[in-house]
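Here are my notes on this model. Please read them with the structure open.

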Amino acid sequence: MLTEQDYKDGQILLIDKPLQWTSFQVVNKLRWLIRKNFGIKKIKVGHAGTLDPLASGLLIVCTGKFTKRIQEFMGQTKEYTGTITLGATTPSYDLETEINKTFPIDHISEEILKKTTPQFVGEIEQLPPVFSALKKDGKRLYEYAREGEEVTISARKITIEAFEITRVALPEVDFRVVCGKGTYIRSLAHDFGKALQSGGHLSALRRTKIGEFSVADAVDPEIFANQLRAEIETT
């Protein structure tokens, strides 16, 4: 049974973030639950790496003194699974924005897909999406993008340890990626489509691992709420 002091001393909570939730909403929900259930005014709660609302999966949430370990977790290797839809691009590289261009996919075979993946493995240069929270001159990139302003973005070195195709049902291609800090899977989807002489955008994403932590051990925020209430009632 975890006590109020346990949460203040520090806990690592593994949450399976649902679709449409922001990472900020998860943190707010957990902070509110802990405060309400223990009748306390203040407790530190933070997450170790944002997941977009259109992605689900593992979110590490730290409480109390363990919020100091957030940077440590953010630097760890991550694993994702998801779907790239080929033959079309979107400005955000995912489903946040509408399709803006379409491309042929008749020439794409399973063999070509598997021959193309190795060029994205290792240390590579990647351009972040224009629809991202990265800042340039004190303003977030997505703010420029929504205002229709063109902005020059610099490529960044990232490391992709594994990129494999797990299902082919064109135009959809399922994948598994193991990557380092700063990798944008949306950019990978976009660049993969381009490398296939077509287009591509990310249509589904799930984070399955961060370091040694797995989504298999994570719980939905509502299940966490029920578990917390049950613990309080039995103490």
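**Notes on the predicted model**

1. Start with surface charge. Lys42, Lys44, Lys65 and Lys68 gather in a patch of positive charge on the surface.

2. Take one of the patch members, Lys65. Its place is the loop that runs between strand E3 (55-63) and helix H3 (70-74). Lys65 has a relative accessible area of 54%. The cut-off for exposed is over 50%, so Lys65 counts as exposed.

3. Next, the cysteines. A disulfide is a covalent bond between the sulfur atoms of two cysteines. Here a pair would need its sulfur atoms within 2.5 Å. The count comes to zero disulfides. Cys62 is in none, and its nearest cysteine sulfur, that of Cys179, is 19 Å away. For Cys179, likewise in no disulfide, the nearest cysteine sulfur is that of Cys62, 19 Å away.

4. Are these two cysteines buried or exposed? Cys62 is buried, with a relative accessible area of 0%. Cys179 is at 2% relative accessibility and also counts as buried.

5. Now the chain as a whole. How many helices and strands does the protein chain have? There are seven helices and 13 strands. Strand E3 (55-63) and helix H3 (70-74), on either side of the Lys65 loop, are among them.

6. Last, overall dimensions and burial. Along the principal axes, the C-alpha atoms fill a box of roughly 65 × 40 × 30 Å. The protein chain has 235 residues, of which 45% count as buried.

Conventions. Residues are numbered from 1 along each chain as its sequence is written. This is a predicted model: local features need pLDDT of at least 70, side-chain atom pairs count only at pLDDT 80 or more; totals for chains, interfaces and linings use all residues. Side-chain values use heavy atoms; hydrogens and water are left out. Patches are made of residues with over 30% relative accessible area and no salt bridge: like charges are joined within 9 Å, nonpolar side chains (Val, Leu, Ile, Met, Phe, Trp, Tyr) within 5 Å. Accessible areas come from the Shrake-Rupley method with a 1.4 Å probe; for residues, only the protein chains shown count as cover. A salt bridge is a side-chain nitrogen of Lys or Arg within 4 Å of a carboxyl oxygen of Asp or Glu. Lys and Arg count as positive and Asp and Glu as negative; His and the chain ends are not counted. The place of a charge is taken as NZ of Lys, CZ of Arg, CG of Asp or CD of Glu. Helices (H or I, at least four residues) and strands (E, at least two) are DSSP runs, numbered from the N terminus. Buried means under 20% relative accessible area, exposed over 50%, partly exposed in between (1.4 Å probe, protein chains only).
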